[in-house]
Amino acid sequence: MRKHGDALLTAAVWLATALVVGAFLWLLGDVVIHGIGKLDAAFLLDAPQNAGRDGGIAPILVSTLLILVVALAVAVPLGLATAVYLSEYAAAQLAKPLRVCLNMLAGVPSIVFGLFGNALFCVALGMGFSIWSGGLTLACMMLPLFIVTTESGLSAVSSEWRRGAAALGLSRAAALWHILLPAAAPAITAGLMLSIGRALAETAALIFTSGYVDRMPESLSDSGRALSVHIYDLSMNVSGGDAAAYGSALVLIVLILAINSVAVNLTERFLQARTTA
Amino acid sequence: MQMISMEKKWCAAVCVGLSLCASAWAGGNKLVLTGSSTIAPLALEIGKRFEQQNPGVRVDVQTGGSTRGVNDARTGLADIGMASRAMKSDEAQVLVAHRIAMDGIGIILHQKNPVKNLSDEQIKQIYTGQIGNWREVGGEDRKITVVNKAEGRSTLELFLHHFQLNNPDIRAHVVIGDNQQGIKTVAGNVGAIGYVSIGTAEYEQTHGTPIQLLPMAGVGASVANVREGKFPLSRPLNLLTKGTPTGLAKRFIEFAQSAAVDDLVTAQYFVPLAR
């Protein structure tokens with residue numbers, strides 16, 4: 001009886017895994033098959049023409065990367081500082097409600113962040129449709145997710161380490177910098193990857209903040225179309241835009257993979273190197 | 001709640017500094033257009049050609065729907081609004097509409113659906129759920145899948161207005177956002193009925209997408225009939241300005257209405273103005 005149960009469980013687990021992997025491969029295969037024909041150097045280096053059906057996606061790639069850089073430059077330091085505060089400084093009765101709020105914020109639909117970003121950055125602060133507005137809106141979206149994952153990583157570090165650091169006469173800052181943050185590096189990396197993924201996949205929040213203009217941005221106060229917005233527009237508003245949409249989707253997937261591996265490398269080199277040094 | 005307000009304060013603090021730089025960079029020779037996602041790709045192309053002919057000028061196009069175009073033109077957030085529908089009477093008091101092209105809305109069915117004609121009354125009954133099977137209008141024994149547009153789309157407003165329907169009365173099985181999505185939904189479901197821009201539908205049809213366009217009141221759903229104003233279910237694509245346009249906005253609108261952009265209008269599957 002027990003043997004049958006085990007076999008059944010094994011089969012169920014395998015089946016579930018196969019389904020998940022299969023769905024992913026199907027999706028990836030679909031994008032690759034339809035998109036690979038569009039992908040060449042000209043597609044990456046030219047400006048879009050005829051509403052995106054022809055030409056390439058160069059300005060859109062640049063805008064996407066600029067938006068991401070602004071978002072990360074704001075979200076990473078703020079997020080790290082908040083996570084450190086929550087895990088190392090805040091009293092338990094204060095940290096608990098803050099965590100609840102963060103978890104709620106992390107689950108807020110992106111369109112809400114988009115409307116908030118439009119009202120605050122574009123209108124109230126007069127930044128208009130710009131890469132600034134888009135990047136800052138994304139930063140607000142990333143923050144809760146990044147803080148929650150980083151903080152859970154810091155909390156998971158054994159308190160023995162903190163006491164050990166104190167016993168050695170390390171200052172709080174030195175203990176953080178040399179022991180706690182490096183030890184939490186895997187969690188920080190995971191938070192960073194999730195945040196980057198969420199940012200690059202974001203459409204709803206960016207239509208209302210960084211906007212629709214597909215010109216090469218000249219400064220961060222220019223409106224710039226993100227790759228996800230471009231894909232959305234091509235597949236939803238532009239007749240005959242499917243091929244270019246698939247091509248752009250393929251570029252987006254490759255971009256996410258590339259940026260994530262760079263992020264993993266950097267965090268590991270930057271933080272973990274010091275635990276062994 | 002404390003967290004939320006703290007986060008806002010941080011963002012605000014960072015941004016006050018940034019916005020100072022941002023406003024200092026904003027140029028003078030810039031036109032901002034917002035509104036209809038139907039017009040946006042066309043406006044973008046017209047804008048690019050206008051920029052080429054007027055060095056130093058920038059035309060920024062943003063989307064968000066016709067209602068947004070109306071509001072932004074009214075509040076001055078945009079120099080020019082875009083709306084893919086005629087002005088409502090209260091809007092016409094403040095805004096001036098400048099037609100740049102025509103768009104027709106056609107009822108689409110799957111190509112394999114043997115039904116070739118529906119009266120306005122039948123379409124109305126299908127959309128309100130009184131007719132639920134194609135058998136009742138002379139087709140096969142198959143359940144009807146009603147595809148409706150999402151709230152806020154000007155196509156929806158035009159459709160409701162023409163058939164004298166209220167959106168809550170519609171019994172939709174699928175709610176879609178844009179033309180392409182509507183076409184994909186109908187092409188993938190033999191029992192579906194939907195409505196989309198004729199230009200888009202005609203393009204997809206000639207490129208092998210399995211859909212058919214139904215005639216309305218005996219008039220074939222074609223780009224030619226929309227241009228001549230014969231087709232009952234058609235709409236103007238308008239640029240909106242608060243009062244009479246001047247300066248750059250005036251020049252852009254005159255350009256967008258000229259024969260110099262007819263090729264761009266056609267390339268977006270819309271119908272150029274009859275001149």
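In the predicted model, eight residues of domain 1 of chain A are in contact with ten residues of domain 2 of chain A. Val31(A), His34(A) and Lys38(A) account for 68% of the area that domain 1 buries against domain 2, more than any other three residues. On the side of domain 1 that touches domain 2, four residues are nonpolar, two polar and two charged. The domain assignment places residues 1-38 of chain A in domain 1 and residues 40-276 in domain 2, and the C-alpha centres of the two domains are 29 Å apart. Between them the domains bury about 800 Å², with 74% of this area on carbon and sulfur atoms. Zero salt bridges were found across this interface, whereas three residue pairs are in polar contact there.

Over all chains, the structure holds 21 salt bridges. One of these joins Arg99(A) and Glu151(A), with the closest N and O atoms 2.8 Å apart. The two residues are 52 residues apart, Arg99(A) lying in helix H4 (residues 92-106) and Glu151(A) in helix H6 (residues 131-156) of chain A. Arg99(A) is partly exposed at 30% relative accessible area, while Glu151(A) is buried at 5%.

Asp214(A) belongs to the loop between helices H10 (204-207) and H11 (227-236) of chain A, and Lys48(B) to helix H2 (residues 40-53) of chain B. Asp214(A) counts as buried because its relative accessible area, 5%, is under 20%; Lys48(B), at 22%, is partly exposed.

Within chain B, Asp60(B) and Arg58(B) form a salt bridge with closest N and O atoms 3.4 Å apart. Shared partners link Arg58(B) and Asp60(B) with Arg215(A), Asp222(A), Lys30(B) and Glu51(B) in one salt-bridge network.

How values were computed. Residues numbered from 1 in each chain as written. Chains lettered and ligands numbered in written order. Predicted model: local features only at pLDDT ≥ 70, side-chain atom pairs only at ≥ 80, totals over all residues. Heavy atoms only, no water. Domains from an automatic or database assignment. Contact = heavy atoms within 4.5 Å. Buried area = accessible area lost by both parts, 1.4 Å probe. Salt bridge = Lys/Arg side-chain N within 4 Å of Asp/Glu carboxyl O. Polar contact = N/O pair within 3.5 Å; in protein donor to acceptor, adjacent residues only side chain to side chain. Nonpolar A, V, L, I, M, F, W, Y, C, P; charged D, E, K, R; others polar. Helix = DSSP H or I, 4+ residues; strand = E, 2+ residues; numbered from the N terminus. Buried < 20%, exposed > 50% of the residue type's maximum accessible area, 1.4 Å probe, protein only.
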